[in-house]
Amino acid sequence: MNLLIDVGNSRIKWLLSQNAEVMIDAEIHSVKTIDALVLAWETIAKPHRLAISNVTGIKRTEQIVKLAERLWPGIEVIIAQTTAYAIGVSNAYAQPENLGVDRWLVLLAINRFHQLPAIIVDCGTAITVDVLAVDGKHQGGLIIPGLNLMKKSLQQGAHRLQYTDNVAQTDLGISTPSGIANGALMSVLGLIEKLYQQLTEAEGAAQNLILTGGDAQLIAQHIAINAKVDKYAVLQGLALLIDE
């Protein structure tokens, strides 16, 4: 079994899987700290390989590798990196390494497991939108703050606008917190729907909309487009990359 790790800005997610094809039934675990990883991993038998996708910087990667080597001496460790081309996908960036590795891994997974062309929206701390053509060519993307980051930015930048965990709806808010939560959601929906319409008209064919990340299910409930939610995309891409 391989131990696959997705280190995001808010949480560390991991699972054990034989390969990307059978991952759909695997359980995704989520923790916030390295200490929590120690407790979670100390009873696991030595994995065949450990693979890491990390968007937060080298320090966190070093901490995880050190922990893994202490628990399982001699374990093979693979650190995912973005490249210009891999497994049928071409990177649109002139400097490929500047595309976040999580976005790159999602592209690899979508290319393998979903119908193209596709609009892929990763609904995490930041919301990233990437477009993948039918031939596997990445067309570029967009980046905006995620739902919580939008709300927190108002707290930091505007007097008396406090961050709350209000559940967002697509109605007009009848309080300041609901106005903020609903406004954040509506802005994301508007972006996705506008891009979908624009690409569909330009290409003369409907795009497949795929959502991943922590807020994917919430956005899928409200968007006026048929969307698929794929919670395994980053980890599937990681599994594909290490088996290449």
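The buried residues of helix α2 are T61, I64, V65, L67 and A68. They cover an arc of only 160° around the axis, which puts them on the same side of α2. Please keep in mind that this is a predicted model.

- What do the buried residues of α2 pack against? Their partners are β1 (2-7), α1 (34-41), β4 (49-54) and β5 (76-79).

**Aromatic rings**

- A pair of aromatic rings is described by the distance of the centres and the angle of the planes.
- Counting ring pairs whose centres lie within 6.5 Å gives two aromatic pairs.
- In one of them, the ring centres of W14 and W41 are 6.0 Å apart and the planes stand at 90°; since angles over 60 degrees count as edge-to-face, that is the label this pair gets.
- W14 belongs to strand β2 (residues 12-17) and W41 to helix α1, so the pair ties together parts that are 27 residues apart in sequence.
- Are W14 and W41 buried or exposed? Both W14 and W41 are buried.
- W41 also pairs with W72: here the ring centres are 5.7 Å apart and the planes are at 35°, so this pair is tilted.
- W72 sits in the loop between α2 and β5 while W41 lies in helix α1, so this pair ties together parts that are 31 residues apart in sequence.
- W72 is buried, as is W41.

**The cavity**

- Rolling a probe the size of a water molecule over the atoms shows where empty space is left.
- The largest cavity has a volume of about 40 Å³.
- Which residues line the largest cavity? The lining is made up of R103, V106, I120, V121, D122, T128 and D130.
- At least two residues of this lining come from each of α3 (101-113), β8 (118-123) and β9 (126-132).
- Strand β8 gives the largest share of the lining, with three residues.

Technical notes:
Residues are numbered from 1 along each chain as its sequence is written. This is a predicted model: local features need pLDDT of at least 70, side-chain atom pairs count only at pLDDT 80 or more; totals for chains, interfaces and linings use all residues. Side-chain values use heavy atoms; hydrogens and water are left out. Buried means under 20% relative accessible area, exposed over 50%, partly exposed in between (1.4 Å probe, protein chains only). Helices (H or I, at least four residues) and strands (E, at least two) are DSSP runs, numbered from the N terminus. The arc is that of the directions from the helix axis to the C-beta atoms. Contact means heavy atoms within 4.5 Å. Rings of Phe, Tyr and Trp (its six-membered ring) pair if their centres lie within 6.5 Å; planes under 30 degrees apart count as stacked, over 60 as edge-to-face and the rest as tilted. On a 1 Å grid over the protein atoms alone, a cavity is a set of points where a 1.4 Å probe fits but cannot get out, and a pocket is an open set with protein on both sides within 12 Å along at least five of seven lines; lining residues have an atom within 4 Å of a point. Grid points are joined across faces, edges and corners, and a volume is the space filled by probe spheres set on the points.
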